[in-house]
Number of protein chains: 2
Amino acid sequence: MSIASDLIRGHTDTIILARLIDSDNYGYEINKSIQQRTDGRYELKEATLYTAFRRLEQAGCISSYWGDEQTGARRRYYKITDTGRSTYSTLLTDWKAAKEMIDKLIETEDR
Amino acid sequence: MSIASDLIRGHTDTIILARLIDSDNYGYEINKSIQQRTDGRYELKEATLYTAFRRLEQAGCISSYWGDEQTGARRRYYKITDTGRSTYSTLLTDWKAAKEMIDKLIETEDR
DNA sequence: CAACATACCTCGCCTGTCAAGGTATATCTT
DNA sequence: AAGATATACCTTGACAGGCGAGGTATGTTG
């Protein structure tokens, strides 16, 4: 079991939304940027990535459109919606709260 | 969906092991101490709790024995093993790494 | 022309969570 | 005496997310 798999479970949506805040992007590139940000220590598995896109689009957090590349493989671009921005903001707040809570719960010392 | 459920998923084992580092304890009390530490904002669901005990015992991280209460409901106590302490230590390190990684991944700003 | 990189996708399994149900003992209230 | 509440344990079955393994198609590089 890799370090990250279970611990990052549940953050997939937040991670993807974060990558779309500044600009539209497509799946493959999003995953590359995730690898870069973690210096190669983490990447979303493709199945996880595309499952998350479907889920987020279903939830109205992102919309998608095909790029108009004249060459190379086709790309499906994703755009974050207002709902998505709002969701992202909530997820960020949740993460900050969860982080503190987890730290409290895995401490050994008595309070 | 509660704030914590999905985000804390994967930390259950760490949380339980942390509660057993200093002394043996039983399920009901462990869960109470979790509620206290989070000021009532979080608790493990019973099914999750007991599933985790089975999993941890199976993995050799804890052992269990029945308390000798003369009155009241019976209690099954859990004791952390050397394997458990070692696992806990690893999980703590993993958490610190994961925390940093997640922070990096859900940032909006470019680096 | 084979291998690799880019770029997308689906199916089916596995694992952890949890709602819902159960058992049993003791105390407190009416 | 009956009922509610707290303590304390447990199991079953459904559900959701992650992901291994497989697939398609295009373009580049050795």
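# Sheet, helices and contacts in a predicted model

Q: Over how many bridges do S2(A) and strand S3 (residues 76-80) of chain A pair?
A: In this predicted model, S2(A) and S3(A) run in the antiparallel sense where they pair. One bridge in this chain joins Tyr65(A) to its partner Tyr77(A), which lies in S3(A). For the pairing of S2(A) with S3(A), the number of bridges is five.

Q: Which strands of chain A are the edge strands?
A: The open sheet has three strands in the order S1-S3-S2 (chain A), and their pairing is antiparallel. An edge strand is one that pairs on one side only, and the order places S1 and S2 of chain A at its two ends. The edge strands are therefore strand S1 (25-26) and strand S2 (62-66) of chain A.

Q: What angle does the direction of helix H2 (residues 12-20) of chain A make with that of S3(A)?
A: Helix H2(A) packs on the sheet, where it touches S1, S2 and S3 of chain A. Taking the direction of H2(A) against that of S3(A), the angle is about 90°.

Q: Which element gives the largest share of the side of chain A that touches chain B?
A: The contact takes 31 residues from chain A and 31 residues from chain B. On the side of chain A, the elements that give two or more residues are helix H1 (5-8), H2, helix H3 (27-37) and helix H5 (82-105). The largest share amounts to ten residues, and the element that gives them is H5(A).

Q: Are H2(B) and H5(B) parallel or oblique to each other?
A: Helix H2 (residues 12-20) and helix H5 (residues 82-105) of chain B pack with their axes 10 Å apart, at an angle of about 125°. The crossing of H2(B) past H5(B) is left-handed. Because angles from 65 to 115 degrees count as roughly perpendicular and those over 145 as roughly antiparallel, the two helices are oblique.

Q: Which helix supplies the largest share of the surface near DNA strand D?
A: The 25 residues around DNA strand D include Ser5(A), Ala47(A), Tyr26(B), Gly27(B) and Tyr28(B), which come nearest. Helix H4 (46-58) of chain A, together with helix H3 (27-37) and helix H4 (46-58) of chain B, each supply at least two residues of this surface. The largest share, six residues, comes from H4(A).

Methods. Residues numbered from 1 in each chain as written. Chains lettered and ligands numbered in written order. Predicted model: local features only at pLDDT ≥ 70, side-chain atom pairs only at ≥ 80, totals over all residues. Helix = DSSP H or I, 4+ residues; strand = E, 2+ residues; numbered from the N terminus. Contact = placed C-beta atoms within 7 Å. Axes fitted to C-alpha atoms, helices over the stretch in contact; angles between N-to-C directions. Near = placed C-beta within 6 Å. Parallel < 35°, antiparallel > 145°, perpendicular 65-115°, else oblique. Left-handed = near helix turned anticlockwise from the far one by under 90°.
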